[in-house]
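Please look over the sequence and the coordinates shown here before reading on.

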Amino acid sequence: MAGLEELKEAIISGNRDKAKELTQKALDGGMTARAIVVEGIAPAMEVVGEKFRANEFFVPELLIAQRAMKEALGLMSDEAVDHVGTVVVGTVKGDLHDIGKNLVAAMLEGAGFKVVDLGVDVSPEQFVKAGQDSSANIVAMSALLTTTMGSMRDTVKALQEAGTRGETRVLIGGAPVTQSYADEIEADAYAPDAASAVEEAKKLLPA
Ligand code: B1M
């Protein structure tokens, strides 16, 4: 649909006023929030992720696209979007880096997930509690420091001890994190970037 193509372009180019206007127009025209997310916002953020991977976009472009996406999503009530699943997202304890985590959260939102963003410096206990409170399908952790990665292992253990490991899957990522580390700490999935995080999160949802 032409309006959604325009919305996609507005988000990719970070034009938040246009993104807001076009989203409102689509809602007024009777389009469902889910259709707008699935056919407009998510594909736009996929393009943004691909451009970032290809070094065509850098952090500023990512952030303005994310801001435009948030404006568009802000027009939809939580109830209006039929979420595909719930993800608790945060940067682990001791770690204050949040640019990558915010991108992952934004891309997940764009793909139709309900995102509970705990921010930075999140302890294992906070992840467990938020996972329980929101009946999350996934706990998604970001770490940028080799010194804070260990908190991912502690969170996996804390989820196990709380008895919620069965229903809550664990996704991890961040510059120093690797697939072999994910295997070592028994996380369910690892993603090297925000676009792959969405792909992995979808795979972790119950069939
Ligand atoms: Co910091 N810092 N920093 N820093 N910082 C790094 C990470 C570092 C590599 C720089 C360096 O030395 N070359 C280094 C870490 C070394 C290491 O441990 N291996 C470092 C250090 C040492 C520190 C301090 C200790 C410095 C000091 O004070 N002496 C300190 C620590 C503070 C703390 O956290 N307790 C510190 C502080 C800071 C700032 C506050 C100044 C700032 C953070 C601002 C903020 O985030 N709001 C900062 C920044 C900006 C960086 C660099 C320059 C950039 C990080 C970034 O945002 N990249 C970084 C060097 C670098 O990477 N070039 C560095 C862009 C972002 C889009 O990428 O976060 O990797 P990234 O996210 C990617 C993927 O990793 C992935 O998807 C994203 C996009 O596709 N991903 C996930 C991330 N999370 C994911 C989760 C997933 C899946 C994928 O699933 C859940």
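Which atom of leucine 96 lies 2.7 Å from an oxygen atom of the ligand? It is a backbone N or O atom of leucine 96, a polar contact in the sense of a pair of N or O atoms within 3.5 Å. This is a predicted model, in which local features need pLDDT of at least 70 and side-chain atom pairs count only at pLDDT 80 or more, whereas totals for chains, interfaces and linings use all residues. Residues are numbered from 1 along each chain as its sequence is written, and side-chain values use heavy atoms, with hydrogens and water left out.

Histidine 97 is placed in the loop between strand 1 and helix 5, where helices (H or I, at least four residues) and strands (E, at least two) are DSSP runs numbered from the N terminus. A polar side-chain atom of histidine 97 lies 2.7 Å from a nitrogen atom of the ligand, and His97, through NE2 at 2.2 Å, is the only protein donor of the ligand's cobalt atom; donors here are N, O and S atoms within 2.8 Å of the metal (3.2 Å for Na, K and Ca), and since water is not among the atoms, sites may look incomplete.

Helix 5, strand 3, strand 4 and helix 9 (194-204) each give two or more residues to the shell around the ligand, and the largest share, four residues, comes from helix 5.

Strand 4 (residues 169-173) is joined to strand 5 by two bridges, and leucine 171 has alanine 189 as its bridge partner in strand 5.

Note on methods:
Two strands pair if DSSP finds at least two bridges between them. A polar contact is a pair of N or O atoms within 3.5 Å; within protein, one must be able to donate a hydrogen and the other to accept it, and residues adjacent in sequence count only if both atoms are side-chain atoms.
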